[in-house]
Amino acid sequence: MVMTATTRRQTLIGGASLAAGAVLMRPRAARAATTKIRFLTSWFAQAEHGGFYQALATGLYAKEGLDVTIDMGGPQINGLQLLTAGNADIIMGYDIQVMKAIEKKLPVVTVAASFQHDLQGVMTHEDVCSIADLKAHKIFIASTSHTTFWPWLRERFGFTDEQVAAYTFNLQPFLLDPQAAVQAYPSSEPFEAKAQGGKVKFFLFADEGYPPYGSTMVTTQSLVQTNPEAVKAFVRASLLGWRDYLKDPAPGNALIKAANPKITDARIAYAVDWMKAHDVVGSGDAKTKGIGVITAERWKQTYDFMVNGKILSPDTAWTKAFTTQFVDGLNILPA
């Protein structure tokens, strides 16, 4: 199941299997890499990470002079902690996570966004017509969600804490309760529920104005200052990887399955189809400004909702949470 980035931890076995797959998939013609980059994803390898695996599989990182290792996240990890401790160079992050880090004066910064909106949402039974209909319904959410999207749901729809039930990433309580809803990721909970015969709907929070970006690239201020060329090269190759992955995901999928043998072709295909249908890479500002774009306007919206939801100090220097220097002018337009 998919969890928020702050609850995910790298696994040595997964990292080792990925490294082996990466060696096999790199084109022989690629020139020797000069800068090593350790990239940590937010969960076990899946289609929502496809652009990064595509960039590795097709030699886009190597062409930029980078020797990239992709390590998988997983349960119990704090990716931000690994980043600030020097155990990763760039991580797959989350706007709210980074805002809280800036509040604590940690030297991290977001440099690009894979998706123009976050893919978090809620899954309901088929008779529910909208998120607003869930007022007074039981909603299963993970403990970490109390400091991410739940304050937004309370403010946006008037939900109350009495509606909350603990989500342990077991769908049975939801499936057995026709009045319940559960937090969901589009390719995870809906896929599993349908496989078990459930008739469900999925509602994306972004469609109701939830402002964070999705699957961002987060690094340290130190790397930005000491090796901006490497950061820009990683961003450029990754965004080209996302453009190419949604055209022909086969190379990236081969590495995804090598890193995460438990994932099925059907699960990957379901996720790719959903991402294409919802244009998660090329929608919004990306249509004209290019894939990966981030803007101060969107970050201000996230800052405002966090302050209003009382999960961020209004004194937080929110503009330090991001920089547009690595996406401005790239103009990698959607395919």
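This is a predicted model: local features need pLDDT of at least 70, side-chain atom pairs count only at pLDDT 80 or more; totals for chains, interfaces and linings use all residues.
Reader: Hi! Let's start with β3. Which way do its residues point, and are they buried or exposed?

Author: Happy to. In strand β3 (residues 90-93), Ile90 and Met92 point one way, while Ile91 and Gly93 point the other way. All of them are buried. In a regular strand the side chains alternate between the two faces of the sheet.

Reader: Nice. How many bridges link β3 to β1, and in what sense?

Author: Strand β1 (residues 35-40) pairs with β3 in the parallel sense, over 2 bridges. Within that pairing, Phe39 has Ile90 of β3 as its bridge partner.

Reader: And what about β10?

Author: Strand β10 (residues 214-220) runs antiparallel to β3, and 4 bridges join them. Here Ile90 turns up again, with Thr219 of β10 as its bridge partner.

Reader: How do β5 and β9 pair up?

Author: Strand β5 (residues 121-125) and β9 are antiparallel, with 5 bridges between them.

Reader: Now the rings. How many aromatic pairs are there?

Author: The structure holds 22 aromatic pairs. One of them is Tyr167 with Phe169, a tilted pair at 4.5 Å centre to centre and 40° between the planes. Tyr167 and Phe169 are both buried. Another is Phe202 with Trp274, which is edge-to-face at 5.9 Å centre to centre, with 80° between the planes.

Reader: Where do Phe202 and Trp274 lie, and how far apart in sequence are the parts they tie together?

Author: Phe202 lies in strand β9 (residues 200-204) and Trp274 in helix α12 (residues 265-277), so the pair ties together parts that are 72 residues apart in sequence.

Reader: Is Trp274 buried or exposed?

Author: Trp274 is buried: its relative accessible area is 13%, and the cut-off for buried is under 20%.

Reader: Which residues make up the aromatic cluster?

Author: Phe149, Trp150, Trp152, Phe157, Phe159, Phe205, Tyr210 and Phe305 form one cluster.

Reader: Which charged residues sit over rings?

Author: Here are two. Arg156 lies over the face of Phe157, a cluster member, at 4.8 Å from the ring centre. The charged end of Arg298 sits over the ring of Tyr213, 4.0 Å from its centre.

Reader: Last topic, helices. At what angle do α2 and α10 pack?

Author: Helix α2 (residues 50-57) and helix α10 (residues 228-245) pack at about 105°, with their axes 7 Å apart. They are therefore roughly perpendicular to each other. On the α2 side the contact includes Gly50, Gly51 and Phe52, and on the α10 side it includes Phe234, Ala237 and Trp242.

Reader: And how do α5 and α14 cross?

Author: The axes of helix α5 (residues 95-103) and helix α14 (residues 296-308) come within 11 Å and cross at roughly 70°. That makes α5 roughly perpendicular to α14. Asp95, Ile96, Met99 and Lys100 of α5 make the contact with Trp299, Thr302, Tyr303, Phe305 and Met306 of α14. Phe305 is also in the aromatic cluster.

Notes:
Residues are numbered from 1 along each chain as its sequence is written. Side-chain values use heavy atoms; hydrogens and water are left out. Buried means under 20% relative accessible area, exposed over 50%, partly exposed in between (1.4 Å probe, protein chains only). Two strands pair if DSSP finds at least two bridges between them. Rings of Phe, Tyr and Trp (its six-membered ring) pair if their centres lie within 6.5 Å; planes under 30 degrees apart count as stacked, over 60 as edge-to-face and the rest as tilted. A charge sits over a ring if NZ of Lys or CZ of Arg is within 6 Å of the ring centre and within 35 degrees of the ring normal. Axes are lines fitted to C-alpha atoms, for helices over the stretch in contact, and angles run from 0 to 180 degrees between N-to-C directions. Angles under 35 degrees count as roughly parallel, over 145 as roughly antiparallel, 65 to 115 as roughly perpendicular and the rest as oblique. Contact means heavy atoms within 4.5 Å.
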